[in-house]
Amino acid sequence: MAMNKSRQIFIEKNAEIVRLECNIVDYGIKDIFKVSEMLGYRTIRYPIGSEAFLGFAMIKDSERIVFSNSSLILSREIFTVAHEIGHQILHLSEQGKTLIKDDDFNETDEQEKEANYFAACLLMPREKVEKFIRLELKDKSITKWDGFDIARFQTAFNVSYDMSLIRLKAMNILNDEIKEKLQADKTEQTATKLLGVISGNTELCKATEVKKVPAVFLEWVIANYNEKLIPKTSLAAALKYVDLSPDDVDINDGMVDEEESFDDLLSYSLISRELYGK
Ligand SMILES: [Zn+2]
């Protein structure tokens, strides 16, 4: 990790503050989406496809938005939201950068490394990891660890198998040799099977495809329609998710319809700055 020590501690402290603010006492975070909302972020989940981007953090007007792609397996989506919370706290500001979009979590620049580190600290805090190993794995020697121990860890912390290994290696609990052996255990058994055997949370390995769009976003869609910034088909698609039709809401009619999917609307109306009507 290229980050200097004081920055690392600053990030760790911020992750700890989030846990305190949200009263998290368990090992992992059961509902990161709720945490994101408790922090005051408009939290949007939408299945935009497994090949699409992972998520983004944004400030729009005075609102802070966290978006996650629910076509990803749940453990990855959870990590995405934790990562975007990191961007919100560490990198976005009204005066500075207002949008960071993540296509992947390759640690190409410093901000990505920092957001990943924040997410790891938030989801798997050092003292909780140590406590888990002592109390749940009964301080078992790491040379005796197998895929089932990692599956238990995953279930306690709500993270992916790979993220578990990365965190344990970064904390110097695992060395390269043992990490490789555990990686091979996963290849042989698959994380889902390992979780199944220990009655762990196999949901972590599936995509939820959840569509969660806050009411304020729908209000914003209606406002944009009234400003003639989006076609009626997009408005109808957006309203369908709350069982409404354009006839049910107060709109100005008279715009020519165009083909546009709700997916397109979500992904680029939220991202493109031209549509904010500023
Ligand atoms: Zn990022």
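**The loop position and its setting**

A: Ile29 is buried, with a relative accessible area of 2%, where buried means under 20%, exposed over 50% and partly exposed in between (1.4 Å probe, protein chains only). The model is a predicted one, in which local features need pLDDT of at least 70 and side-chain atom pairs count only at pLDDT 80 or more, while totals for chains, interfaces and linings use all residues. Residues are numbered from 1 along each chain as its sequence is written, and side-chain values use heavy atoms, with hydrogens and water left out.

Ile29 lies in the loop that runs between helix H1 (5-21) and helix H2 (32-38); helices (H or I, at least four residues) and strands (E, at least two) are DSSP runs, numbered from the N terminus. Once its neighbours within four places in sequence are set aside, Ile29 is in contact (heavy atoms within 4.5 Å) with Arg19, Ile24, Val35, Leu122, Leu123, Phe157 and Asn158. Val159 is 130 residues from Ile29 in sequence, yet the C-alpha atoms of Ile29 and Val159 are 9.3 Å apart in space.

For the protein as a whole, 67% of the contacts with a separation of 6 or more are between residues 24 or more positions apart. The protein has 12 helices and 4 strands, and 50% of its 278 residues are buried.

The zinc ion is coordinated at 2.0 to 2.7 Å by His83 and His87, each through NE2, by Asp102 through two OD entries, and by Glu112 through two OE entries. Donors here are N, O and S atoms within 2.8 Å of the metal (3.2 Å for Na, K and Ca), and since water is not among the atoms, sites may look incomplete. Along the chain, the donors of the zinc ion follow the spacing H-x3-H-x14-D-x9-E. Distant parts of the chain are linked by the pair of His83, in helix H3 (residues 74-90), and Glu112, in helix H4 (residues 110-123), which are 29 residues apart. Both ends of that pair are buried, His83 with a relative accessible area of 0% and Glu112 with a relative accessible area of 8%.
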